[in-house]
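Have a look at the structure first.

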Amino acid sequence: MTTATLKRYGFQAMGVPCEIQIYDSSRINARQRIQELAREVSRLDKKYSRYRRDSFITEINLSAGSKLGIKIDTETRGILNHALKCFEESEGLFDVTAGALYRLWDFRQARIPAQDSIDKVLRSVGFHKLSWQGQRLHLPAGMELDLGGIVKEYAADAAAKMARRMGIQHGLINLGGDFAVIGEQPGERPWTVGIANPGERRSMMAKIDLSAGGLASSGDYERYFELNGERYSHILNPKTGWPSKGLRAVSVAANLCTVAGSFATIAMLKPENEAIAWLEESGLPHVYMTNAEQIAGPALKQESATPAAEPAAESL
Amino acid sequence: MKPFRQRSKSLLALSSTALAIPGIASGDAPPPQTTLSYKFSNYNEDDMSRSQVPFGSLERYDIDVHQFRLLTPVGRDYSLQIDANHENMSGASPWFTTAGTNGSPIINMSGASGITDERSELAVGVRYYLSDGSIGGAVGYSEENDYRATYFSFSGQKTINEGMTTVSVGISHSADDIFPTDAAIFNRVRNADKQSSSAVISISQIINQRSTFQLAGSLTEQSGFLSDPYKFRDVRPDNKTQIALSGAYRYFVVNADAALHTDYRYYHDDFGVSSHTLSVAWHQNLGNRWQLVPNLRYYSQSAADFYTNIDDFLKPLTEFQSSDYRLSAYGAFSGGASIVASINDWTATLTAERYVADHKHSAYAVTQPGAALVSYTRVSLGFDFTF
């Protein structure tokens with residue numbers, strides 16, 4: 001019997017580079033299985049991407065203001081239900097109905113929108129203005145849902161779950177820095193994942209060991225602009241309509257990548273002190289960078305620690 | 001693999017909704033962790049008054065209850081539940097009633113020095129989880145020095161309508177043996193048995209993101225010795241059919257971070273007893289670790305066809321009669337509160353409840369006011385440890 005070795009396969013989805021690694025003895029077999037997992041990720045990308053005209057989320061957003069509403073499926077309802085919980089747990093800071101705000105702030109042009117237009121958009125922002133009865137969802141006119149802050153992490157969990165159903169025991173899903181563990185490495189070894197430094201993209205801010213669950217990061221990585229010495233992060237506060245001024249970056253490990261992602265996003269939206277206290281109270285492993293570029297958190301691994309002997313992975 | 005401990009309320013809340021999204025959810029799933037629970041309760045009936053009981057003990061039942069439970073996942077698809085209960089009771093219960101000088105009933109209590117008894121119960125249940133439902137079965141055995149019960153149950157539940165509706169069905173059967181103490185001395189029945197079979201169906205519907213509704217119906221058929229062997233003159237039919245219909249509505253009030261629970265139950269049996277129960281509870285979250293749950297309940301029932309508040313010793317033994325206050329027409333109010341604290345892997349619940357029954361509170365016509373209606377105080381303290 002040939003021993004299983006690590007196989008990796010990279011692809012592009014959800015606007016980010018993705019990679020799936022699994023242990024398998026057969027190269028052909030591994031490729032087929034990983035491609036099937038990649039198809040699951042693309043399915044969710046196609047369904048929930050706001051940038052696709054044929055996506056379901058575009059269809060939902062086009063229904064805004066319609067008295068009939070739109071019929072939603074179980075998966076979308078599940079995601080919305082989680083989004084509602086995020087809204088409640090963050091006291092309104094994590095709000096998937098703030099999609100229109102992101103259209104207003106143009107981070108490539110480095111321009112601050114007029115306060116009038118921010119105020120106008122804010123009138124159609126607010127999860128509590130959304131309603132659903134049975135299978136029908138009603139969006140008030142002008143509202144735009146952006147499920148991007150949940151779907152990428154959910155896709156990592158869904159792919160990991162599918163992999164386990166396929167019988168894969170050891171593997172890791174990486175969707176642009178959001179990780180879900182299929183199962184730890186053979187010999188009960190954790191996966192060591194690196195977290196990029198928001199200051200310098202090529203350097204590492206920290207490493208976290210993962211045996212189960214997932215890890216997600218949120219930060220103003222490259223997507224911000226500076227104007228007259230002021231830094232404008234792409235993370236927008238749905239209450240004020242202005243960029244949030246909390247932590248620069250945060251990574252959280254949890255029982256699911258989706259849960260980790262929700263914690264990371266909420267932490268980014270809170271004022272720095274509150275965010276740090278809230279993360280601490282969660283009891284979850286995490287690491288963050290403050291506005292003053294200080295890196296801290298209970299999950300911080302000493303850089304001097306000997307890196308785990310990572311086996312060379314075979315690219316497929 | 002080290003499981004992630006569910007430390008904060010936010011983590012618990014966000015995990016539960018994330019785990020319910022279809023791509024992650026494995027339909028119904030066994031509990032993710034093992035829970036060990038212990039609860040102590042004291043149930044204390046108010047003493048009778050000397051005007052009702054001219055001689056003998058005034059003290060009624062005082063019961064201490066210890067309940068243990070273990071609920072644990074077994075493999076990926078099964079869960080195992082073990083329940084062990086132990087009760088110590090002492091006190092006395094009404095034995096027979098006679099008419100006093102003014103015609104109102106006089107109660108004669110059983111046992112001059114009161115009754116002491118113990119009850120022990122063990123039940124074991126297994127559940128198998130499918131993609132959209134679960135099936136389970138349980139067996140149990142309970143014993144006290146004059147009563148033995150053996151029972152089993154099966155139940156199944158299935159989620160339909162894209163997860164919006166859950167239908168549950170269940171059946172159960174209990175075979176009981178009754179062998180009263182001091183049967184020879186008091187000319188009580190020496191040995192008797194009783195069979196109960198029941199079927200239940202319920203439908204739970206998610207209405208929207210804040211509210212759910214549940215409807216349930218049950219049918220129970222009892223046969224055998226249904227009388228109270230300790231009462232001097234208690235003759236009841238040896239068949240009884242019971243039906244119950246209930247509705248439950250849950251509404252989450254976002255602004256208050258609280259949930260309103262309202263429940264209603266209608267009951268009817270062919271002894272002639274009908275009842276209504278209405279209860280309301282408010283589950284108020286207080287910060288991340290505390291919850292306060294005040295509740296109020298109203299209950300009222302009609303009298304059984306053969307209820308009499310004064311035992312008629314001249315009636316032939318073939319005719320039905322009972323002076324059991326539980327078969328009289330009355331109403332009862334109860335109110336209480338629970339306080340729940342969740343700290344790390346521990347949950348502690350402290351509950352206090354006061355119950356007062358009176359024929360004056362009855363919603364039904366009262367022709368013969370029940371004697372010896374009970375009022376009680378119940379306090380309990382429970383701990384759950386999850387690991």
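Chain A has 8 helices and 16 strands, where helices (H or I, at least four residues) and strands (E, at least two) are DSSP runs numbered from the N terminus. Keep in mind that this is a predicted model: local features need pLDDT of at least 70, side-chain atom pairs count only at pLDDT 80 or more, and totals for chains, interfaces and linings use all residues. Residues are numbered from 1 along each chain as its sequence is written, while chains are lettered from A and ligands numbered from 1 in the order in which they are written.

**Packing**
- Of the 316 residues in chain A, 47% are buried, meaning 20 or more other C-beta atoms lie within 10 Å of the residue's own, with C-beta atoms placed from the backbone.
- Take the contacts in chain A (C-beta atoms, placed from the backbone, within 7 Å) between residues at least 6 apart in sequence: 61% of them join residues at least 24 apart.

- Beyond its neighbours within four places in sequence, Ile173(A) has contacts including Ile20(A), Ala159(A) and Phe179(A).

**Interface**
- On chain A, 33 residues are in contact with 24 residues of chain B.
- H3(A) gives the largest share of chain A's side, 11 residues.

Technical notes: Contact = placed C-beta atoms within 7 Å. Buried ≥ 20, exposed ≤ 12 C-beta atoms within 10 Å, placed from the backbone.
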